[in-house]
Amino acid sequence: MVSLKELQETSREELFLAGNSTCAGCGLELALRWAMKALGPKTALVAPASCLNVVVGLWPKTAPNFPFINMAFAASAAAASGLSAAFKAKECKFPGKVWGKMTSLVFAGDGGTTDIGIQGLSGAAERNSNILYVCYDNEAYMNTGIQRSSSTPHGARTTTTPFGKQRFKKDLPAIVVAHNVPYVATCCISYPIDLYEKFKKAKDIQGFRYIHILAPCPPGWGFASEDTVKMGKLAVETGFWILYEVENGEFKLSKPSKKYLDPSKRRPIQEYLEIQKRFNTLSEVGLVKWQENIKNAWKYIELELELKEKSK
Ligand SMILES: Cc1ncc(C[n+]2csc(CCOP(=O)(O)OP(=O)(O)O)c2C)c(N)n1
Ligand code: SF4
Ligand SMILES: [Mg+2]
């Protein structure tokens, strides 16, 4: 585990620069900032249309201090796969130079991942392309004015679900796990040490890696901008957002989520829902559905842990 000292040392180096045009309290900004601290400057990032793709592009406020490619919505995983192949070819031609050390990274929103980019993502995962694909999940198409995505949770109001979304969130990390790739992890911006360690690990793994980060969005979710970190913590402490990793098929519950295996340790989900304006039309029935959904998600985790125990 990384020490606080190492993290403080690392945190002096900024690759995603301040003064960019993200909203105050943006979860995406924290996600990318911490991810880049772990990945370092030998990283080339591919971004499809999203808040990220917009906030980095407004000169003179361009924020990435590393190579950055804007890409058409559906093509980011394919573009990053091509980039990774190009780095390999360059390494063969000029061995020992920077090319062999480059990380080919996608940093995409939930719309660009769970809806529009899923075929490219699935193709790259199936080919085991040597890329790191990251989904920062703010649970809607924020950049274009808060439309629902398949990652928007049940009951959330968006401009296209004015009475609250009926369906539950698509479980994208589980879908990627089903591709049998070397590494899949979930993260949350409120747990930077956990996030940092997962990116450090992912950086050194060959083949397809996927990290899904919960990234609260103050204007999109309807909470005060100073509460972003609190919001991510509540997501984990209520048991809604579960932190785990699957490395070569082996499931591991991450430290911040371990104690919530015990349901009595979880905070009531109401504490998470009632401070976000997007849930202010959620009914009693909707609340019970949320509680059931969380219970079922943890049943799945228990099964994974049982299977792991049995296979020892
Ligand atoms: C093919 C295509 N369709 C639609 C758009 C418009 N568009 C730009 S950003 C965006 C929202 C992306 O949502 P998400 O991936 O969740 O990222 P976020 O904005 O939430 O950061 C949309 C629909 C586009 N640029 N290209
Ligand atoms: S809308 Fe949300 S995700 Fe987009 S820049 Fe603002 S806070 Fe960040
Ligand atoms: Mg989004």
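1. Asn248 lies in the loop between β7 and β8. Its phi is near 45°, a positive value in a residue other than glycine. Asn248 is exposed, with 10 other C-beta atoms within 10 Å. The burial classes work as follows: 20 or more other C-beta atoms within 10 Å of a residue's own make it buried, 12 or fewer make it exposed, and anything in between is partly exposed, with C-beta atoms placed from the backbone. Helices (H or I, at least four residues) and strands (E, at least two) are DSSP runs, numbered from the N terminus.

2. A word on the model and its labels. This is a predicted model, in which local features need pLDDT of at least 70 and side-chain atom pairs count only at pLDDT 80 or more, while totals for chains, interfaces and linings use all residues. Residues are numbered from 1 along each chain as its sequence is written, and chains are lettered from A and ligands numbered from 1 in the order in which they are written.

3. Confidence comes next. pLDDT is the predictor's confidence in each residue, from 0 to 100. The chain has a mean pLDDT of 95, and 99% of its residues reach 70 or more. Helix α1 (residues 4-10) has the lowest confidence, at a mean of 72. Strand β6 (residues 209-214) has the highest, at 99.

4. The sheet is open and has eight strands, in the order β2-β1-β3-β4-β6-β5-β7-β8, with mixed pairing. Its edge strands are β2 (68-71) and β8 (250-253), each of which pairs on one side only. From one strand to the next, the twist averages 20°. Two strands count as paired if DSSP finds at least two bridges between them. Strands β5 (residues 183-188) and β7 (residues 244-247) run antiparallel and are joined by three bridges. Val184 stands opposite Val246 in β7.

5. Twelve of the 13 residues are buried, so α2 is largely enclosed by the rest of the structure. Among the buried ones are Glu29, Trp34 and Lys37. Gly40, with a positive phi near 80°, follows α2.

6. Ligand 1 has 14 residues around it, of which Ala49, Cys51, Gly109, Gly111 and Asn143 come nearest. A residue is near a molecule if its C-beta atom, placed from the backbone, lies within 6 Å of it. Helix α5 (residues 110-115) gives the largest share of this shell, three residues. The shell divides into five nonpolar, eight polar and one charged.

7. Ligand 2 is surrounded by residues including Cys23, Cys26, Cys51 and Cys217. Helices α3 (51-55) and α9 (218-221) each give two or more residues to the shell, and α9 gives the most, with three. Nine residues of this shell are nonpolar, three polar and none charged. Here Ala, Val, Leu, Ile, Met, Phe, Trp, Tyr, Cys and Pro count as nonpolar, Asp, Glu, Lys and Arg as charged, and the others, Gly among them, as polar.

8. Two buried residues deserve a look. Ile146 sits in the loop between β4 (132-137) and α7 (172-177). Its phi is positive, about 65°, although it is not a glycine. Ile146 counts as buried, with 23 C-beta neighbours inside 10 Å. Glu237 belongs to helix α10 (residues 228-237). Glu237 is buried, with 20 other C-beta atoms within 10 Å.

Conventions:
Axes fitted to C-alpha atoms, helices over the stretch in contact; angles between N-to-C directions.
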